[in-house]
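Me: I would like to go through this model and ask, term by term, what each description rests on.

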Amino acid sequence: MTNPAKLVYVALGGAGEIGMNMYLYGVGEGARQRWIVVDTGVAFPDMETSPGVDVITADPSFIAERADQLEGIFITHAHEDHVGAVGRLWPDLKAPIYAREFTSEIARLKMEDAGQDRAHVQTVGVWPAQVDTGSFKVGFLPISHSVPESSALVIDTAAGRVIHSGDFKIDRDPQVGEPFDDDLIREVSKDGVLALVCDSTNIFNGHAGRSEADLVTPITELLRSTDGLIVATTFASNLARVSTMARAARSAGRSVLVLGRAMNRMISVGRSVGLLDDFPDTVSPDEARDVPAENLFVLASGSQGERRAVSAQLAAGNTHSGIELRDGDTFLFSSKTIPGNEVAVARIHNQLAELGVDVIDDQGGLYHVSGHANRPDLERMQDLVQPQYVIPMHGEFRHLRAHAKLAEEKGRAAVVAPNGTMVELSGNTPKTVELIETGRRYMDGSVAYGALDGIVRERLRMAIRGLVVVNLIFDERGRLLDDAWVEAKGLPVDVDADGSLEEVLEAELSDAINGAGPKVRGDDDAVEKLVSGRINTVCSRLIGKKPLSTVLINRLAD
């Protein structure tokens, strides 16, 4: 007999890592089991581990195989690591998408970008409204974060109530969007909460979180006291920060120019849904050309060092939309560097310094506050919700473990559940019931492929080892018609030998093939093995590397 009240949770992405958030809740067992997805986010590639890749998503295979049992996709907020993959993954899931107004507009744009119908996204009201999918009732509980209309999810099932915190912080004056409401969370939790599935990002920060309102005065004073052109970057989705900086610029007598597709898109959506009614008028790039540098403020995309973003282009000394940085200008990073992006951001800092630009970042704490709850705020959330147990999510493994220990110190059961760990939530204590295979899906141009397909691995091997391409033509009798033709890619060709690396290889490969017997020359596999072995021998001797090789064999017909 199946148990209709059995409730399970499993992360496909976002638990044990930063980014790529995708969580599942399942009710029931067997063929009658029903599921919901919470968030469909992306992670961004880097040249060291994923060269050439556009974005990375969680592998949806587990839930895609059960798509006929999927009742809905719920998006907690409009950050890329929560909504960025919705359009790309929807063809595998084919379920209605639910989000609040601002987030739903961003989700519709993501659907359009991926060639999907935006009508699959439904705008829903705020708590106490609930979406009834049949097996789940899900409500969007307002919560403060660094993007407006962020929500925790109140998930009601036959097994009990779960609160999925989403990303949150305790901010009672967030500038844009709803403040953190202690009374509302306490009210929602008063009849008992089975599990709090909770953000873990800032568990190691022991200080109480700071409010977005704390930045208004420092940013305003900075813009008033600084000479020359000022360019600032932050997360495009942080409309409160974007608004604070734009309004500060206006009060300092500066015109505001917005550069970057993501920044312009977020501001446009924010205005359309009434979140940025006090955002100052902006100037176009053409109008900005007539504004003196000391009277101009530029909001630029690219706070995380993205190579193609506006910030990177300006730092490289390029002119973007008529804007060029000069000695004495100022560049403000009003953002935190996401783990993994340190090298890319540092590169931009150094390039700006070479141009003579003064760089100001968040190190002093004056111009950035985190959007995630610090340890005291996590404790506060637990005290408000009083859950039976806590499931840490949204963080690296060390964050999950530390958060679980915090819950246990407060007398609550907890379990560390990284990606693929299925936890049953319907008992007296949480317990791991299954480990499922999870992974990554790479979005590469118009093609998607898995981490195990070997494509990225092969790119890395080529990057590390280089590539030698050999072309051979055999006549009707199986003899080499001409010398071997060789092209080396990603390898030094000027070597201490008689000619270039390619010339030496051509000579040695031609000798090796001509010296082989008819049986070897007539067998493509044997020829390829002979050539690859000789390439390794010659390259090891001349350049100390064994490159990858591709052997093209052409045979003339009798």
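Me: Where does Leu481 lie?

Reply: Leu481 lies in the loop between strand 27 and strand 28, strands being DSSP runs of E of at least two residues and helices runs of H or I of at least four, both numbered from the N terminus. The model is predicted, so local features need pLDDT of at least 70 and side-chain atom pairs count only at pLDDT 80 or more, while totals for chains, interfaces and linings use all residues. Residues are numbered from 1 along each chain as its sequence is written, and side-chain values use heavy atoms, leaving out hydrogens and water.

Me: How do you know that strand 27 and strand 29 pair?

Reply: Two strands pair if DSSP finds at least two bridges between them; eight bridges join strand 27 (residues 467-474) to strand 29, and the two run parallel.

Me: What makes strand 28 and strand 29 edge strands?

Reply: The open sheet has three strands in the order 28-27-29, with mixed pairing, and strand 28 (485-489) and strand 29 (548-555) each pair on one side only.

Me: Why is Glu80 called partly exposed?

Reply: Buried means under 20% relative accessible area and exposed over 50%, with partly exposed in between (1.4 Å probe, protein chains only); Glu80 has a relative accessible area of 27%, and is therefore partly exposed.
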